[in-house]
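Colleague: I am new to this structure, and I would like to know where each of its labels comes from. Could you take me through them?

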Amino acid sequence: MNRILNSRFKPIVVNNMNKDIRKRINELKRKEEAPSGEVYQGLSLQVIETIAREFQISKREVEIAALENEVIPIKYHRNIGTIGIPGQRKLLKAKVAVIGAGGLGGSVIELLARMGVGRMVVVDGDTFAEDNLNRQLLCTEKNIRKSKVTAAVGRVGEINSAVEVTSHQAFLGAENVDSFITGCDVVIDALDNIPVRLILQEAARRLNLPLVHGAVAGFIGELMTIFPGDRGLGALFKPDQDIPPTGIETEIGTPTITPTFIAAGQVMEAVKIILRRGKPIRNRLRYFEVEEGKISEISLSTQP
Amino acid sequence: MYGIFRKYAKENKFKVEIDPGTSVEGLMRKLKIPKMIYMMVLVNQLKVQFDHPLSPGDEVHIFQPIGGG
């Protein structure tokens with residue numbers, strides 16, 4: 001939709017401005033040498049900021065314009081060999097919702113920012129507690145009792161200030177879920193309980209959005225990408241049966257290794273979806289027994 | 001069998017001989033797997049209850065639902 005609007009209403013003035021931005025990028029780009037010896041045209045953090053200020057546009061827009069002219073923001077150079085300039089551009093244009101900014105969410109947010117996913121919506125109504133310190137990347141001794149989403153915004157700003165973060169200090173529910181995820185390209189489930197996950201899945205299905213599910217307990221984690229037509233968690237939890245609010249994690253806790261492991265898998269799925277590469281893990285629950293280094297797949301029936 | 005249930009078997013994937021009509025609960029008794037609050041059983045990719053009768057060739061997955069984040 002945005003793309004259609006942009007192309008239809010883009011006035012000539014903007015086209016001229018685009019030309020000026022391109023010119024400025026070419027003036028300020030500099031030759032960089034990669035470890036391979038390859039020389040490329042790079043754009044430094046400082047130059048990105050300067051151009052954004054000069055043209056009153058966002059840093060993200062400067063970076064997209066640079067990549068469109070085969071100039072690489074230096075911070076993304078080590079991504080380019082794997083995902084290419086078009087891939088980096090797609091990530092910068094993408095918008096990902098992260099529901100939950102705890103153990104999974106903290107790591108997911110960190111990785112999305114470093115991948116250069118350009119827009120993020122972060123939703124969590126919670127504040128940090130001392131017992132979050134063992135696993136939640138965003139939690140520090142200094143921000144106990146402070147908002148998780150505020151920490152997320154701060155952290156992303158420190159890692160990659162070109163990323164535009166919209167934060168919602170709220171717990172997700174049926175009444176507000178649509179307003180958080182509408183317009184996103186991918187939704188990441190970093191929640192900590194099963195009933196709310198089912199609300200999220202229902203909304204993602206209704207709004208035709210891919211959802212990347214992750215959950216952890218002890219040294220066990222699971223991962224699955226759920227496309228709108230998939231049964232997803234519906235294959236495991238039936239609304240007419242008693243749905244446990246939580247799983248075994250209430251007894252065995254969650255050491256940091258597991259959420260970090262699963263969060264990386266979730267971001268990989270999101271990147272695959274945005275870049276349309278690889279094969280998303282659908283209709284299969286990928287089950288990680290991290291201690292044994294064992295990965296299994298539990299196929300789920302696609303029949304209702 | 002996955003996670004905590006691994007200790008009830010040498011391998012996480014194996015064949016078991018049962019009498020026809022044995023339920024999931026009967027299979028668990030045979031394998032000495034205790035019934036737990038956090039437990040999920042899939043037979044041929046479908047979630048079932050403990051009284052579900054098993055047939056020759058059924059594929060059974062026993063694991064724990066997890067919900068942490």
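Modeller: Gladly! Two strands pair if DSSP finds at least two bridges between them. Helices (H or I, at least four residues) and strands (E, at least two) are themselves DSSP runs, numbered from the N terminus. Please keep in mind that this is a predicted model, in which local features need pLDDT of at least 70 and side-chain atom pairs count only at pLDDT 80 or more, while totals for chains, interfaces and linings use all residues. Residues are numbered from 1 along each chain as its sequence is written, and chains are lettered from A in the order in which they are written.

Colleague: Then what makes β10(A) and strand β11 (residues 294-299) of chain A a pair?

Modeller: DSSP has to find at least two bridges, and here there are six, in the antiparallel sense. In one of them, A:Y287 has A:S296 of β11(A) as its bridge partner. The hairpin of these strands has four residues between them, and A:G293 takes a positive phi near 65 degrees there.

Colleague: How do you know that strand β9 (residues 220-226) of chain A is joined to strand β10 (residues 284-289) of chain A?

Modeller: By that rule again: four bridges join the two strands, which run antiparallel. A:G221, for instance, has A:F288 in β10(A) as its bridge partner.

Colleague: What is the strand order of the open sheet in chain B?

Modeller: The three strands follow the order β2-β1-β3, with antiparallel pairing. Strand β1 (residues 40-43) of chain B pairs with β3(B) over four bridges, and B:L42 has B:H61 in β3(B) as its bridge partner.

Colleague: Why are β2 (46-47) and β3 (60-63) of chain B called edge strands?

Modeller: Each of them pairs on one side only.

Colleague: What makes A:V47, A:I48 and A:I51 of helix α3 (residues 45-55) of chain A "buried"?

Modeller: A residue is buried if 20 or more other C-beta atoms lie within 10 Å of its own, exposed if 12 or fewer, and partly exposed in between, with C-beta atoms placed from the backbone. These three are the buried residues of α3(A). Seen down the helix axis, the buried residues fall within an arc of 105 degrees, so they line one face of α3(A). That arc is the one made by the directions from the helix axis to the C-beta atoms. A:Q46 and A:R53 are exposed residues on the face turned away from the buried side. After α3(A) comes A:Q56, with a positive phi near 55 degrees.

Colleague: How do you know that chain A agrees with a compact globule?

Modeller: The globule rule is 2.2 Å times the number of residues to the power 0.38, and the radius of gyration is taken over C-alpha atoms. With 304 residues the rule gives a radius near 19 Å; chain A has 20 Å, which agrees. Buried residues make up 44% of the chain.

Colleague: What counts as touching between chain A and chain B?

Modeller: Two residues are in contact if their C-beta atoms, placed from the backbone, lie within 7 Å. By that test, 30 residues of chain A are in contact with 17 residues of chain B. Among the elements giving two or more residues to the chain A side are β9, β10 and β11 of chain A.
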